[in-house]
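Hello,

The structure we discussed is below. My notes on the salt bridges and on one helix follow it.

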Amino acid sequence: MSMNLSPERLDYLLERYAANRCTPQELLELMEAMQQDGGEEIIHRRLERIWREGAEVDEGSLPDRERIFNAITGDASVVPASGRRSLWRWVPAAAAVIVLLCGAGYWYARSMRGVPPGEAGGAAPVVKKDIAPAGNKAILTLSDGTDVVLDSAPDGAVSRQGGSMVMKKGGGELAYQAAANAERRALSEPVYNKITTPRGGKYMVVLPDGSKVWLNAASVLRFPTTFTGSDRTVELWGEAYFEIEKDKSKPFYVKANHMQVSVLGTSFNIMAYEEEGVVRTTLLDGAVQVMGPSGSSLRLSPGQEVRCGKDGALQLVKDALPEESVAWKNDLFYFRGADIQSIMRQLARWYDIDVAYAGAVNGKFYAKIPRNTNLSIVLRALALTNKLNFTQEGKKVTVIP
């Protein structure tokens, strides 16, 4: 039995997926194709052809699925040397599809031959009113305790705070423009502001030194309106991605729960939600020093991650996947062996929903799903990759094993 999609359409969808450019409808089209009778075998053959053409190897030396998966997820030594440049543009698509096919629970669909997609493990969630993704929403708390609702405030000057002009710009950006040196030196005490994103909100802040901070949903950043001392220190609750301006005379510190990150100039992500039970610092570029509550410290190189649990112990992960950690900033949900509980916590923060479970739910999920789409699309995509169903009433979503 052949797939409904033509080979040309399938290749088009895989290439769109490789570039993270799939629309929600195209994503569902690809996932439903995998769910069809014979779909997994057909897609695997298409990926083999793509691999063979890109790597220019003969059938006898074609890597098997396990070796392909290992190459995609980190063991590049198994990738044939010839044709490597043309091959790598397909790696994200191959990874996405193979990971989806290897996900716990997906093989259940293979035992349901003859059952149309959507009747088992892929049922569309029962939705009475769909929920849109998070938008540019935040509250700025000034030094005198005044709250400014940024999503409803007009663009332009918001306030003058401690030697900086606070400017709201379009596209969910708040910028602090430092005043002249004389005005900054006149400050006797630092003045602090706080920006809070609610569940269902996100925002970006340009600090007085030019450093940029992207705040994920349900996060708080506290910072001085002017960096007048010997260092630059901010505090974070929740999750943020940082791009720090270099200044060797003033090191930059981020305090998150019981952990402190010290940097000079670098790009990194910190996830410090209380409900996750662990603080994660993932380094993309440069170098950072992470200090735990007991005084122990670890130095990170790009591509590494430090995890700090409730016991305060630091754990270095040398083979972290930065793409996974910063996927949220790039408008993606990236689940690589995630359990449904951690996934639903992400959805709760992003869509401002409450989650309930109609029984015990086990298994792992592997998927990339656009974050800039309605909740029903995300739930349907999750249902297509595992034996789960969802119901939604208002802001309450129930997970059904």
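Aspartate 352 and lysine 395 form a salt bridge, with the closest N and O atoms 2.8 Å apart (a salt bridge is a side-chain nitrogen of Lys or Arg within 4 Å of a carboxyl oxygen of Asp or Glu). Aspartate 352 sits in the loop between H10 and S22, and lysine 395 in the loop between S24 (389–393) and S25 (396–400), so the pair ties together parts 43 residues apart in sequence. Salt bridges with shared partners join Arg199, Asp352, Asp354 and Lys395 into one network.

This is a predicted model: local features need pLDDT of at least 70, side-chain atom pairs count only at pLDDT 80 or more, and totals for chains, interfaces and linings use all residues. Residues are numbered from 1 along each chain as its sequence is written, and side-chain values use heavy atoms, with hydrogens and water left out.

Helices (H or I, at least four residues) and strands (E, at least two) are DSSP runs, numbered from the N terminus.

Helix H10 covers residues 340–351, and nine of its 12 residues are buried (under 20% relative accessible area; exposed is over 50%, partly exposed in between; 1.4 Å probe, protein chains only). Aspartate 352, which follows H10, has a positive phi, near 55°, and is partly exposed at 22%.

Regards

Methods. Expected span 1.5 Å × (residues − 1).
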